[in-house]
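Me: Could you walk me through the structure below, one question at a time?

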Amino acid sequence: MTSTPDGAGLRVDAERNRQRVVAAAREAFAELGIEVPMEEIARRAGVGVGTLYRRFPTRADLIAAAFEAKMRAQAEAARQAVEDPDPWRAFCSYVEQMCAMQAGDRGFTTVLTMTFPTAKRFEADRERAYADFAALVERAKAAGKLRADFVTEDLPIFLMANAGVLAATADAAPEAWRRLVGYLIQACAAPAAQPLPDAPAPRQLYRALLRATHPQRDRAPAKQ
């Protein structure tokens, strides 16, 4: 494309390249996980590796851009759940939606273990989703529908369990995760509740989730 004197043509080309890279990254991360080589993403986008790095200097920058819409969707799902007048239905729907998002994207769980300080919108959506989920949990408990010992840290445990089922059944029984999620949700119901062991501390759970999604980055034994 020929540039106009004010450089508008170059800006259009740059934005087009950015969009192609982000779309290719979304596709590659969903299929292969977020450790996919940057060269593969550039190849899918039809751009040079240098172009990719000019737009996204680090892998984290590209991950945040690729998952920004996904995080926004998570925040919106949490907001809609809070607005549902039926607290138990809202809780069940939100858990199902999170697990469905995970089933459709291998990189989703991994991204939940990461922070992106320079991606202000991404982090704001994450914080909003967490606050709304915490409010959702309290509403469901107050209604007498959700077991009293459920804690927000239980959702990452659900996602880790779901990740295991997804990895084991992806080719042979791709819908098997739905049955697991059905069991997990039923176990959350107050009428069927039996005492549970204490939940892991948030720091321990984060360490476990990080190890599950980045096994090559965390080899040290867990601290108590």
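Me: Leaving aside its neighbours within four places in sequence, which residues is Ala75 in contact with?

Reply: Happy to, and please keep in mind that this is a predicted model. Ala75 is found in helix H4. Once neighbours within four places in sequence are set aside, the contacts of Ala75 are Asp125, Arg128, Ala129 and Asp132.

Me: Is Ala75 buried or exposed?

Reply: Buried means under 20% relative accessible area. The relative accessibility of Ala75 is 0%, so Ala75 counts as buried.

Me: At what angle do helix H4 and helix H7 pack?

Reply: Two packed helices are described by the angle between their axes and the distance between the axes. Here H4 covers residues 59–83 and H7 covers residues 120–142. Their axes are 8 Å apart, and the packing angle is about 25°.

Me: Is H4 roughly parallel or antiparallel to H7?

Reply: Angles under 35 degrees count as roughly parallel. H4 and H7 pack at about 25°. That makes the arrangement of H4 and H7 roughly parallel.

Me: In the crossing, does H4 pass H7 left-handed or right-handed?

Reply: The contact is made by residues of both helices, including Phe67, Met71 and Ala75 of H4 and Phe122, Ala129 and Leu136 of H7. By class, the contact of H4 with H7 has ten nonpolar, one polar and nine charged residues. As for the hand of the crossing where H4 passes H7, it is left-handed.

Me: How do H4 and H5 compare with that; is H4 roughly parallel or antiparallel to H5?

Reply: The axes of H4 and H5 come within 9 Å and cross at roughly 165°. Angles over 145 degrees count as roughly antiparallel. That makes H4, relative to H5, roughly antiparallel.

Me: By class, how many nonpolar, polar and charged residues does the contact of H4 with H5 have?

Reply: H4 passes H5 in a right-handed crossing. On the H4 side the residues are Lys70, Ala73, Gln74, Ala77, Ala78 and Ala81, and they meet Ala90, Tyr94, Gln97, Met98 and Met101 in H5. Sorted by class, the contact of H4 with H5 has eight nonpolar, two polar and one charged.

Me: Moving to the rings, are Phe91 and Phe133 stacked or edge-to-face?

Reply: A search of the whole structure finds eight aromatic pairs. For Phe91 and Phe133, the ring centres are 6.4 Å apart and the planes lie at 20°. Planes under 30 degrees apart count as stacked. The pair of Phe91 and Phe133 is therefore stacked.

Me: How many residues apart in sequence are the parts that the pair of Phe91 and Phe133 ties together?

Reply: Phe91 is buried at 0% relative accessible area, and Phe133 is buried at 4%. Phe91 lies in helix H5 (residues 87–103) and Phe133 in helix H7, so their pair ties together parts whose separation in sequence is 42 residues.

Me: What is the angle between the planes of Phe133 and Phe150?

Reply: Phe150 is buried too, with a relative accessible area of 2%. Phe133 and Phe150 form an edge-to-face aromatic pair, 6.4 Å centre to centre, and the angle between their planes is 80°.

Me: Which residues do ring pairs link into a cluster?

Reply: Phe133 lies in H7 and Phe150 in the loop between H7 and helix H8 (154–169), so this pair ties together parts 17 residues apart in sequence. The cluster linked by ring pairs takes in Trp88, Phe91, Tyr94, Phe133, Phe150 and Phe158.

Me: Leaving aside its neighbours within four places in sequence, which residues is Leu205 in contact with?

Reply: Leu205 lies in helix H10 (residues 202–213), and at 6% relative accessibility it counts as buried. Leu205 and Pro156 are 49 residues apart in sequence, with 7.9 Å from C-alpha to C-alpha. Beyond its neighbours within four places, the contacts of Leu205 are Glu153, Pro156, Ile157, Met160 and Pro200.

Me: Finally, what percentage of the residues in the protein is buried?

Reply: The protein has ten helices and zero strands. Among contacts with a separation of 6 or more, 66% are between residues 24 or more positions apart. Of the 224 residues in the protein, the buried share is 38%.

Note on methods
Residues are numbered from 1 along each chain as its sequence is written. This is a predicted model: local features need pLDDT of at least 70, side-chain atom pairs count only at pLDDT 80 or more; totals for chains, interfaces and linings use all residues. Side-chain values use heavy atoms; hydrogens and water are left out. Axes are lines fitted to C-alpha atoms, for helices over the stretch in contact, and angles run from 0 to 180 degrees between N-to-C directions. Helices (H or I, at least four residues) and strands (E, at least two) are DSSP runs, numbered from the N terminus. Angles under 35 degrees count as roughly parallel, over 145 as roughly antiparallel, 65 to 115 as roughly perpendicular and the rest as oblique. A crossing is left-handed if the near helix is turned anticlockwise from the far one by less than a right angle, and right-handed if clockwise. Contact means heavy atoms within 4.5 Å. Ala, Val, Leu, Ile, Met, Phe, Trp, Tyr, Cys and Pro count as nonpolar, Asp, Glu, Lys and Arg as charged, and the others, Gly among them, as polar. Buried means under 20% relative accessible area, exposed over 50%, partly exposed in between (1.4 Å probe, protein chains only). Rings of Phe, Tyr and Trp (its six-membered ring) pair if their centres lie within 6.5 Å; planes under 30 degrees apart count as stacked, over 60 as edge-to-face and the rest as tilted.
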